[in-house]
Amino acid sequence: MTTELGFAHVFKPAQTPTAPTLLLLHGTGGDENDMLPLGGLVPGAALLSPRGKVLEHGMPRFFRRLAEGVFDLEDLKQRTNELADFITVAAAQYNLATNEIIAVGYSNGANIAASMLLLRPEILHAAVLFRAMVPLEPADPPNLSPVRVWIGAGNQDPIIPTSETQRLVDLLRGAGADVTIRFFNAGHGLTNGEVEAAGQWLKELN
């Protein structure tokens, strides 16, 4: 772990020359180590895993919220741009191809990844979003036609209703993204089945 470049983060170089970079974004209470096991979704990929800077009752997050599902939109915008700038600097520092960065986010991490797609679409080549919801609705929708997104949702999620997941799908598709949505028999936690499904999608992506 290093605190250089503005974020505490872990970086692991690619083991395969042509492999993409996975940007691993943890959920509330996680840290830069939590998502590393999901680096195996793309064998040989470079891994860039930052820790969110916001603390909620001591638990790291990537942006503030006012209540469950109610986001501090100004903070979200600021933190999204801050994270996007970090990724740009990290890509230069670690010699990463900027057109091959794939976000893999869970919950709060998935939400800021979705926010980055909407506010800084040049940063991400693709995204895997586990348990994401609509972070914000930009005044000027971006052009996401080059971007592919896989969304994993739980049909028994007590935090994110299926209608909210569908809202996110509609928002991203409305901006031109190629979106795959999969509902699993699960709550807010991840299942082995959906991790395997996400890995298969990523395999076909690359």
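## Aromatic pairs

In this predicted model, tyrosine 94 has a relative accessibility of 21%, so it counts as partly exposed, because buried means under 20% and exposed over 50%. A pair of aromatic rings is described by the distance of the centres and the angle of the planes. The count of aromatic pairs in this structure comes to 5. In one of them, the ring centres of phenylalanine 11 and tyrosine 94 are 3.9 Å apart and the planes meet at 5°, so this pair is stacked. Phenylalanine 11 belongs to strand 1 (residues 9-12), while tyrosine 94 sits in the loop between helix 1 (73-93) and strand 8, so the pair ties together parts that are 83 residues apart in sequence.

A further pair joins phenylalanine 63 and phenylalanine 71. Their ring centres are 5.0 Å apart and their planes stand at 85°, so the pair is edge-to-face. Phenylalanine 63 has a relative accessibility of 0% and therefore counts as buried. Phenylalanine 71 is buried too, with a relative accessible area of 12%. Elsewhere, Phe130, Trp150 and Phe184 make up one aromatic cluster.

Valine 10 is placed in strand 1. Its relative accessibility is 9%, so valine 10 counts as buried. Leaving out residues up to four places away in sequence, valine 10 touches Met1, Glu32, Asn33, Leu36, Leu47, Leu48 and Ser49. From valine 10 to arginine 51 the separation is 41 residues in sequence, and their C-alpha atoms are 8.7 Å apart in space.

Threonine 21 is part of strand 2 (residues 21-25). With 4% relative accessibility, threonine 21 counts as buried. Apart from neighbours within four places in sequence, the contacts of threonine 21 are Ala46, Leu48, Leu96, Glu100, Ile101 and Ile102.

## Helix 2

Helix 2 runs over residues 108-119 and has 12 residues. The distance from its first C-alpha to its last is 16 Å, close to the 16 Å expected at 1.5 Å a residue.

The buried residues are Asn108, Gly109, Ala110, Asn111, Ile112, Ala113, Ala114, Ser115, Met116, Leu117 and Leu118.

## Helix 4

Helix 4 covers residues 192-205, which is 14 residues. At 1.5 Å a residue, helix 4 should span 20 Å, and its end C-alpha atoms are 20 Å apart, which agrees. The expected span is 1.5 Å times one less than the number of residues.

The buried residues of helix 4 are Glu194, Ala197, Ala198, Gly199, Trp201, Leu202 and Leu205. These buried residues pack against four strands: strand 8 (101-106), strand 9 (126-130), strand 10 (148-154) and strand 11 (178-184).

## Pocket and cavity

Rolling a probe the size of a water molecule over the atoms shows where empty space is left. The largest pocket has a volume of about 160 Å³. Its lining holds 16 residues, and Arg65, Glu68, Ser107, Asn108 and His188 lie nearest the centre of the pocket. Sorted by class, the pocket lining has 5 nonpolar, 7 polar and 4 charged residues. Asn108, one of the residues nearest the pocket centre, is also among the buried residues of helix 2.

The structure holds 1 cavity of 30 Å³ or more, and the largest cavity has a volume of about 30 Å³. The cavity lining consists of Phe7, Lys53, Phe62, Arg79, Glu82, Leu83 and Ile112. Helix 1 gives the largest share of this lining, with 3 residues. By class, the cavity lining has 4 nonpolar, no polar and 3 charged residues.

Histidine 57 is exposed, with a relative accessible area of 80%.

Serine 107 also has a positive phi, near 55°, and is a residue other than glycine. Serine 107 lies in the loop between strand 8 and helix 2. At 15% relative accessibility, serine 107 counts as buried. Ser107 is one of the residues nearest the centre of the largest pocket.

Methods. Residues numbered from 1 in each chain as written. Predicted model: local features only at pLDDT ≥ 70, side-chain atom pairs only at ≥ 80, totals over all residues. Heavy atoms only, no water. Helix = DSSP H or I, 4+ residues; strand = E, 2+ residues; numbered from the N terminus. Buried < 20%, exposed > 50% of the residue type's maximum accessible area, 1.4 Å probe, protein only. Contact = heavy atoms within 4.5 Å. 1 Å grid on protein atoms, 1.4 Å probe; cavity = no way out; pocket = protein on both sides within 12 Å on 5 of 7 lines; lining within 4 Å. Points joined across faces, edges and corners; volume = space filled by probe spheres on them. Nonpolar A, V, L, I, M, F, W, Y, C, P; charged D, E, K, R; others polar. Phe/Tyr/Trp six-rings, centres within 6.5 Å; stacked < 30°, edge-to-face > 60°.
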